[in-house]
Amino acid sequence: MQRWLWALLAWISLGLGILGALLPVMPTVPFILLSAFAAARGSERLRGWLLQHPQFGQAILDWEQHGTVHRRAKWLATVMMAASGTAVWFTAPRLWMAATVDLVMVLTLLWLWRRPEPRQ
């Protein structure tokens, strides 16, 4: 039963990660990393697919083995968060909500840019 729940979490996280690639206000990478984490405990097949994936595989391995993030991924996250942060000012029902979302994104970016980059 526990393995089934991990597999379910892995598939749901993968779906949310894919959705995040299409929607500017939703993250992709955290959901893909969560999917890989859960798949390691619940679905060997999904884990293998994620590690072999041309877009996600190396990033997952870099994160799991060394806690590193490629500079390209950092820049992509920065651009997407800037776009989302701007959009939220036009869509949030209250000013404090937009400010809170932007603050969380700024703190996340500060953390992200402090992560080491993999050696070439």
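Author: Happy to! Let's start with a helix pair: Arg47, Leu50 and Leu51 in α3 meet Gly57, Ile60, Leu61 and Glu64 in α4. "Meet" stands for a contact, that is, heavy atoms within 4.5 Å. This is a predicted model, where local features need pLDDT of at least 70, side-chain atom pairs count only at pLDDT 80 or more, and totals for chains, interfaces and linings use all residues. Residues are numbered from 1 along each chain as its sequence is written, and side-chain values use heavy atoms, with hydrogens and water left out.

Reader: What makes α3 and α4 roughly perpendicular to each other?

Author: Helix α3 covers residues 44-52 and helix α4 residues 57-66, and they pack at an angle of about 100° with their axes 5 Å apart. The axes are lines fitted to C-alpha atoms over the stretch in contact, with angles from 0 to 180 degrees between N-to-C directions. Angles under 35 degrees count as roughly parallel, over 145 as roughly antiparallel, 65 to 115 as roughly perpendicular and the rest as oblique. The α3/α4 pair is therefore called roughly perpendicular.

Reader: Which residues of α4 are buried, and what covers them?

Author: Gly57, Ile60 and Asp62 are buried in α4. Their cover includes α2 (29-42) and α3. Buried means under 20% relative accessible area, exposed over 50%, and partly exposed in between (1.4 Å probe, protein chains only).

Reader: How do you know that the side chains of Arg47 and Glu64 meet in a salt bridge?

Author: A salt bridge needs a side-chain nitrogen of Lys or Arg within 4 Å of a carboxyl oxygen of Asp or Glu. For Arg47 and Glu64 the N to O distance is 2.7 Å, so the pair qualifies. This pair links distant parts of the chain, with Arg47 in helix α3 and Glu64 in helix α4, 17 residues apart. Side chains of opposite charge can pair when their charged atoms come close.

Reader: Why does Arg47 count as buried, and what does Glu64 count as?

Author: Arg47 has 17% relative accessibility, so it falls on the buried side of the cut-off. Glu64, at 39%, counts as partly exposed.

Reader: How many salt bridges does a search of the whole structure find, and which residues are linked in a network?

Author: The search finds three salt bridges. Arg71, Lys74 and Glu117 are linked in a network of them. Glu117 pairs with Arg71, the closest N and O atoms being 3.0 Å apart. Glu117 lies in the segment after α6 and Arg71 in helix α5, so this pair ties together parts 46 residues apart in sequence. Glu117 also pairs with Lys74, where the closest N and O atoms are 3.5 Å apart. That pair spans 43 residues, from Lys74 in helix α5 to Glu117 in the segment after α6.

Reader: What makes Lys74 buried, and where do Arg71 and Glu117 fall?

Author: Lys74 has a relative accessible area of 1%, so it is buried. Arg71, at 48% relative accessibility, counts as partly exposed, and Glu117 gets that label at 29%.

Reader: Why does Trp4 count as exposed, and which residues make the nonpolar surface patch?

Author: Trp4 sits in helix α1 (residues 2-22). Its relative accessibility is 54%, so it counts as exposed. The patch, of about 570 Å², is made by Met1, Trp4, Leu5, Leu8 and Ile12. Members of a nonpolar patch have over 30% relative accessible area and no salt bridge, and their side chains (Val, Leu, Ile, Met, Phe, Trp, Tyr) are joined within 5 Å. The areas come from the Shrake-Rupley method with a 1.4 Å probe.

Reader: What makes Pro93 exposed, and where does Pro93 lie?

Author: Pro93 lies in the loop between α5 (71-91) and α6 (95-114). At 62% relative accessibility, Pro93 counts as exposed. The C-alpha atoms of Pro93 and Leu103, ten residues apart along the chain, are separated by 17 Å.

Reader: And for the whole chain, how many helices and strands are there?

Author: There are six helices and zero strands. Helices (H or I, at least four residues) and strands (E, at least two) are DSSP runs, numbered from the N terminus. Of the 120 residues, 31% count as buried. The chain exposes about 8,500 Å², with carbon and sulfur atoms supplying 68% of it.

Definitions and conventions
Patch = residues over 30% accessible without salt bridge, like charges linked within 9 Å, V, L, I, M, F, W, Y side chains within 5 Å.
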